[in-house]
Amino acid sequence: MSPMAQMLIALAYAWRRSLEAFKARLEQPS
Amino acid sequence: MSSRVVVAIRVKAAPARAFEVFVSEIGLWWRPNPLFSFTPRAPGVLHFEPGPDGRLIETRAGGKVFEIGKIRAWAPPHRLVFGFRQATFTPEQDTEVEATFEAVGEGETRVTITHTGWDSVPQAHVARHGFPSTVLLTRLGEWWRTLLSAYKDKEAEQE
């Protein structure tokens with residue numbers, strides 16, 4: 001796998017992790 | 001190959017609220033990733049200066065500010081586009097993030113992130129990040145664990 005492909009997979013993972021935290025924050029009971 | 005990364009998530013909130021929290025609370029939900037640090041220093045706090053002439057910045061503990069990118073499209077509550085640069089990028093190297101907020105179902109929103117432009121970053125630069133396969137495999141493993149955990153929770157709801 002090329003360095004670019006590996007980086008893009010890692011980038012997708014990084015965004016997924018932040019979006020899961022975003023979802024948790026958005027849906028937390030007020 | 002395409003350098004586009006697309007990640008989507010469905011949230012239980014209307015687009016207006018999702019957009020608001022995305023912009024105004026990014027400092028609370030953003031998770032720094034050592035592979036994509038904006039500067040070589042310890043990660044700071046992210047903050048959007050909202051509006052069509054706004055920008056996304058990172059403020060470090062000492063108060064220094066790094067501009068990650070200017071806002072390039074501001075269309076609340078449906079669309080936001082901003083630049084995304086690391087300090088090591090040259091002026092010609094530039095990536096862009098588009099966030100869209102689409103109403104789906106009853107009071108829910110699909111938030112989609114499309115991150116493009118990594119082909120403007122030369123292979124040599126990318127390679128210098130260093131992605132040993134063990135790191136990659138660990139990350140993939142973590143990712144699948146998260147996905148399977150979410151799937152398990154969803155399935156439990158339906159029982």
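**View 1. Polar contacts between chain A and chain B.** Across the interface of chain A and chain B in this predicted model, seven residue pairs are in polar contact, both residues at pLDDT 80 or more. A polar contact is a pair of N or O atoms within 3.5 Å; within protein, one must be able to donate a hydrogen and the other to accept it, and residues adjacent in sequence count only if both atoms are side-chain atoms. On the side of chain A that touches chain B there are 17 nonpolar, three polar and six charged residues. Here Ala, Val, Leu, Ile, Met, Phe, Trp, Tyr, Cys and Pro count as nonpolar, Asp, Glu, Lys and Arg as charged, and the others, Gly among them, as polar.

Residues are numbered from 1 along each chain as its sequence is written, chains are lettered from A and ligands numbered from 1 in the order in which they are written, and side-chain values use heavy atoms, with hydrogens and water left out. As the model is predicted, local features need pLDDT of at least 70 and side-chain atom pairs count only at pLDDT 80 or more, while totals for chains, interfaces and linings use all residues.

**View 2. The area buried between the chains.** In contact (heavy atoms within 4.5 Å) are 26 residues of chain A and 44 residues of chain B. The two chains bury about 3,500 Å² between them, and 76% of this is on carbon and sulfur atoms. Tyr13(A), Trp15(A) and Phe22(A) supply 21% of the area that chain A buries against chain B, more than any other three residues. Buried area is the accessible area (1.4 Å probe) that two parts lose on being put together, summed over both.

**View 3. Chain A.** Chain A has one helix and zero strands. Helices (H or I, at least four residues) and strands (E, at least two) are DSSP runs, numbered from the N terminus. The C-alpha trace of chain A spans about 45 × 10 × 5 Å along its principal axes. Of its 30 residues, 57% count as buried; buried means under 20% relative accessible area, exposed over 50%, and partly exposed in between (1.4 Å probe, protein chains only).

**View 4. The salt bridge between Arg25(A) and Glu25(B).** One salt bridge is counted between chain A and chain B. The term stands for a side-chain nitrogen of Lys or Arg within 4 Å of a carboxyl oxygen of Asp or Glu. Arg25(A) pairs with Glu25(B), their closest N and O atoms being 2.4 Å apart. The pair crosses from helix 1 (residues 3–27) of chain A to the loop between helix 1 and helix 2 (26–29) of chain B. Arg25(A) is partly exposed at 25% relative accessibility, and Glu25(B) is partly exposed at 22%.

**View 5. Chain B as a whole.** Chain B holds four helices and seven strands, which run β-α-α-β-β-β-β-β-β-α-α from the N terminus on. Of its 159 residues, 37% are buried. Among the contacts in chain B with a separation of 6 or more, 44% are between residues 24 or more positions apart.

**View 6. Salt bridges within chain B.** Glu108(B) and Arg10(B) form a salt bridge, with 2.7 Å between the closest N and O atoms. Glu108(B) lies in strand 7 and Arg10(B) in strand 1 of chain B, so the pair ties together parts that are 98 residues apart in sequence. Arg10(B) is partly exposed, with a relative accessible area of 41%. Another salt bridge joins the side chains of Glu102(B) and Arg110(B) (3.1 Å, N to O). Glu49(B), Arg55(B), Glu67(B) and Lys70(B) are joined into one network by salt bridges that share partners.

**View 7. The surroundings of Lys12(B).** Lys12(B) is in the loop between strand 1 (5–11) and helix 1 (15–24) of chain B. Lys12(B) is exposed, with a relative accessible area of 52%. Apart from neighbours within four places in sequence, Lys12(B) is in contact with Glu27(A), Gly107(B) and Glu108(B).

**View 8. Thr114(B) in strand 7.** Thr114(B) belongs to strand 7 (residues 108–116) of chain B. Thr114(B) is buried, at a relative accessible area of 11%. Not counting residues up to four places away in sequence, Thr114(B) touches Arg4(B), Val5(B), Val6(B), Glu96(B), Val97(B) and Glu98(B).

**View 9. The cis peptide bond at Pro77(B).** Pro76(B) and Pro77(B) are joined by a cis peptide bond, with omega about 5°. Most peptide bonds are trans. Pro77(B) is in the loop between strand 4 (65–75) and strand 5 (79–84) of chain B.
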